[in-house]
Amino acid sequence: MDVFPVRRMRRYRRRIVQELFTETCVHVSDLVAPLFVDEGIDRPVPIGSMPGQARQPVGDLPAIAERIFDLGLNSAILFGIPKAKDAEASSAWAPDGVIQRSVRAMKEAAPDLVLCTDVCACEYTDHGHCGIVGQRCGEDDLLNDPSLELMNRIAVSHAEAGADIVAPSCMLDGMVGSIRAALDDSGFQDVLIMSYSSKFASGFYGPFREAADSGFSFGDRTTYQLNPSNAREALLESALDVEEGADILMVKPAGYYLDILSALREFGLPLAAFQVSGEYAMIRGAADQGWIDGRTAVMESLTCIRRAGADLVITYFAEEAAGWASEEQ
Ligand code: PBG
Ligand code: ZN
């Protein structure tokens with residue numbers, strides 16, 4: 001190609017025209033703020049593995065809801081830490097459970113804040129797995145069909161409390177269809193399902209398990225979450241969730257799975273990406289050491305996740321990035 005000096009790409013990068021040619025933006029309204037709510041505390045408790053993040057008491061949620069809404073954030077996703085755990089995760093669907101109380105409190109304070117709830121059992125089971133466990137193929141494992149009933153109950157109880165979007169994260173077969181039917185049967189046709197449709201068994205969830213006290217007492221999650229090496233299987237998982245009636249698909253983690261994200265665009269549904277606890281901890285840790293510039297790295301990571309195809313980005317940087325994103329617009 002003998003085009004130089006006629007074709008000069010650097011013309012696009014003259015400082016004055018740079019913004020004119022920016023292809024991808026991060027809008028505050030695309031960011032979803034995760035919140036950890038702990039039923040057993042009265043004041044915020046910092047999370048050691050996620051500097052800058054804390055578990056919140058239910059009583060602080062009205063103020064937090066107002067604060068994040070005032071920052072321009074449209075939505076939050078809630079994770080609960082209950083006082084009591086058992087083998088059946090019964091505190092997960094109690095009408096006065098930690099998430100049910102949290103949703104009510106936040107809706108009262110900020111009715112226009114979209115509330116998503118994580119629908120899973122691992123914070124509520126004493127064994128730490130995402131549903132009912134029993135014998136499967138000669139070992140203790142997550143049982144699929146008996147756990148679906150539990151997910152239905154959890155999802156309906158969140159909807160009853162006022163959740164706008166339920167987000168099943170357990171990677172059970174049939175979970176979306178089962179929850180859709182249960183919601184519809186209970187009169188919640190308008191509650192959306194954001195499926196953790198392509199969720200990988202990732203080492204990057206480590207800090208979350210400390211944050212949400214959801215580590216497991218035996219085994220691992222590789223018998224239900226996806227193998228990080230498998231792209232076609234990840235597409236098939238999401239395709240099934242489309243058929244079962246998911247409203248929003250999700251890829252999790254985000255930053256190392258951008259190929260999956262861009263491939264899922266073909267389904268035409270809105271796409272979410274979850275920048276998980278380990279991705280947060282790595283950027284935050286390096287920034288706190290002065291090894292990378294935090295603002296640059298955070299905005300770059302979010303921009304690249306959007307560029308790959310995410311409409312929504314769930315990120316622990318949401319509150320900080322809200323300010324930066326507004327400044328850059
Ligand atoms: C619960 C759940 C997990 C995360 C979101 N929902 C943990 C897991 O699957 O082990 C991870 C979030 C994060 O790491 O930020 N199933
Ligand atoms: Zn779980």
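Helix H9 covers residues 294–307 of this predicted model, where helices are DSSP runs (H or I, at least four residues) numbered from the N terminus, as are strands (E, at least two). Residues are numbered from 1 along each chain as its sequence is written.

Among the buried residues of H9 are Val298, Leu302 and Ile305; buried means under 20% relative accessible area, exposed over 50%, and partly exposed in between (1.4 Å probe, protein chains only). The buried residues of H9 are covered by elements including strand E1 (31–38) and helix H10 (318–328). Just after H9, Gly309 has a positive phi of about 135°.

Helix H3 (residues 144–161) passes the corresponding check: its 18 residues should span 26 Å, and its end C-alpha atoms are 26 Å apart. Its buried residues, including Leu148, Met151 and Ile154, pack against elements such as helix H2 (98–109) and helix H4 (175–185). Gly162, which follows H3, has a positive phi near 120°.

The zinc ion (ligand 2) is coordinated by the SG atoms of Cys120, Cys122 and Cys130 at 2.2 to 2.3 Å. Donors are N, O and S atoms within 2.8 Å of the metal (3.2 Å for Na, K and Ca). Cys130 counts as buried because its relative accessible area is 1%.

Terms used:
Chains lettered and ligands numbered in written order. Predicted model: local features only at pLDDT ≥ 70, side-chain atom pairs only at ≥ 80, totals over all residues. Heavy atoms only, no water. Expected span 1.5 Å × (residues − 1). Contact = heavy atoms within 4.5 Å.
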